[in-house]
Amino acid sequence: VFSQCRFHFGTIDSKAKSGGASLIDQLDYFIPGWMGTNGDTFDQGYVCEEGKEGAALGKLVPVVVSYIAAGYVKRHHQLCDANVSGCSGGDLAKNGAQYITQDWSAILTEYKSFAAGYANCWGTTRPIVFEMEPDWYQYTISNQTQPWTAAQAGSKMTELVNALKGSLPNARFSLDVSPWVGSNGSDSGKAWYSNFDMSLYTFVNTSGGGTNANTAKIRSSNNMTWAGLFAAAGKPILADTGYGANGMSAGHDANWDVAANINARIAEGVVSIAQYNPNGNWGSTISGMRSQLSTPKVCP
Amino acid sequence: VIGPYRLSLGIGLALASQACGKGTPARQGTVEVVPATIDLGVVHQDQVQPLVGFDTAFLDLRPEFGQTQSAQVHLVGPRAPKARPRVTDTGSALVTVAPLAADTGERPGFRVSCQGSKPGMHAGSLMVETGLAEQPTLALSWGCRVPATLQVEPSNPYFNLHVSGDRALTITVRSTHRPWVVKSARVTEGPFAATVEAPNPDGSVPITIRVKNQDIPDDARSATGKLIVESNDPREPRKEVPLFGFGKINKAPAQ
């Protein structure tokens, strides 16, 4: 998927462009705005523009976070994200499953609209990665007004992937990681992922919150480990430093600048890190440690 | 949020809610009063009761290979008796739908069946026109899991065409069927070649797939293909494996 078999670094598109060539040369992918958060039809032509050959990010792979299902019900039913309060419709962690079920036909239509939009402007031969629906697990928890079963969550995700694949044979998919699945992640997602057709996915990815570069656990408060996740999902891991609450920047995570930390995570299946708000000198930091980094276990 | 309202001490607040929104009958909800530093924010949350919907949110069908499993679904809600439901799409050829006879006195509905003819985790949605102006369409998700005995790892082999030199990878095929033998591995589409290797001690069989550089045009940016693995596995005697390569082809010798 990526141009070289090496540990991959990525950041959001605006940060990559403002970092200039010295940063972009060290990156293998960029992350645009979350897909489906603004409207019901394709609005990401800018990704194709900034990523086309010869453009600033033309040598990088776009890794697009798809939030269409969540975004649709947030917009149409005045819901907040799970960690945010004050919306008249409630929040995704309580009302999300019910509304997504109710609006499923419209959500599939929106997925197909975005697939067609990307097929039209990005094409069907260059790679593009979709990180699917952050915290899909939340729709199964008992706090939901109409919680899904895990099997239902897996089947619905298959439908979403198929809706994109229909127009985008060049797309590769990544399944979201909630490090608190099951008994606070103690089985590293083994039971949860058994409900998904894992042949559809090339990666698994963390999202929406910081992750630990320097511990075997993905997050200190959860029991899921990097190695356990790699074993349970059988897929290489795209890690991220995450946003803070309400989408505010969580800042640069310097633990992901330490070669020893990264090598330890590479040994446990991590193949990339996305810094959402990197320091100005991140490009030279990567350049300086590149030769110390191991080759990832797998290079899909 | 329908506030905040500024109240004097000892003064109450009465709220009346009114139905609004297409497909939404009278709404019941709770009122939560959120004290702030000075003002009171008032939040009204409710639970939507649709005018018409299915009596289940998901059909989880798990037929054995070669068998068919069925389940009944019915329309519910205050407008369900008036509905004239018609299925416009089942989401897969594996799934068939038959309307439930109206003279049984049951609510309108369908018998949904999945035929276990193809191992795997299949999923889709029934798309139904209701005949009701207020809620013209409904979708019902289904899953149909048919257990497999044959496994291919990795299931989606990928080749990086950017890198120089020969490109090859090995997939591993295994089956729980005994005795099990791979009869052949043939590339039926795309610039690839396959070789069946000697079985591993655990009985699994490696198959090496190579990219045929000379068959890829210099200006190509991707390559797709199809591998067919034939074995005596009773459920999937002919397993199809998609092959995919990305990147502008680099035909230089290995560095």
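Which residue in β18(B) is the bridge partner of B:Phe159? Select B:Phe159 and then B:Gly245: the partner in β18(B) is B:Gly245.

Before going further, note that this is a predicted model, in which local features need pLDDT of at least 70 and side-chain atom pairs count only at pLDDT 80 or more, while totals for chains, interfaces and linings use all residues. Residues are numbered from 1 along each chain as its sequence is written, chains are lettered from A and ligands numbered from 1 in the order in which they are written, and side-chain values use heavy atoms, with hydrogens and water left out.

Remain with β12(B) and display strand β18 (residues 238-246) of chain B; the two run parallel and are joined by three bridges. Helices (H or I, at least four residues) and strands (E, at least two) are DSSP runs, numbered from the N terminus.

Colour the whole of chain B by secondary structure: it has 18 strands and zero helices. Of its 255 residues, 38% count as buried, where buried means under 20% relative accessible area, exposed over 50% and partly exposed in between (1.4 Å probe, protein chains only).

**Chain B: an arginine in a loop**

Next, select B:Arg167, in the loop between β12 (158-160) and β13 (168-175) of chain B. Is B:Arg167 buried or exposed? B:Arg167 is buried, because its relative accessible area is 5%. Its side chain and that of B:Asn213 are joined by a polar contact of 2.7 Å. A polar contact is a pair of N or O atoms within 3.5 Å; within protein, one must be able to donate a hydrogen and the other to accept it, and residues adjacent in sequence count only if both atoms are side-chain atoms. Leaving aside neighbours within four places in sequence, the residues in contact with B:Arg167 (heavy atoms within 4.5 Å) include B:Asn160, B:Ile209, B:Val211 and B:Ile249.

**Chain A: the barrel**

Move to chain A, where eight strands close into a barrel in the order β1-β2-β3-β6-β7-β8-β9-β10, with parallel pairing. Select strand β3 (residues 61-66) and strand β6 (residues 128-132) of chain A, which four bridges join.

**Chain A: two packed helices**

Show helix α3 (residues 68-77) and helix α4 (residues 92-102) of chain A, which pack at an angle of about 95 degrees with their axes 9 Å apart. Axes are lines fitted to C-alpha atoms, for helices over the stretch in contact, and angles run from 0 to 180 degrees between N-to-C directions. The two helices are therefore roughly perpendicular to each other (65 to 115 degrees). Among the residues that meet are A:Val73 and A:His77 in α3(A), and A:Leu92 and A:Tyr99 in α4(A).

**The nonpolar core**

Finally, select A:Phe9, A:Ile107, A:Tyr118, A:Phe130 and A:Trp136, which have the most contacts inside the largest nonpolar core, a set of 97 residues. Such a core consists of buried Ala, Val, Leu, Ile, Met, Phe, Trp, Tyr and Cys residues joined through side-chain atoms within 4.5 Å. Helix α5 (residues 104-121) of chain A gives the most to this core, with seven residues.

Terms used:
Two strands pair if DSSP finds at least two bridges between them. Angles under 35 degrees count as roughly parallel, over 145 as roughly antiparallel, 65 to 115 as roughly perpendicular and the rest as oblique.
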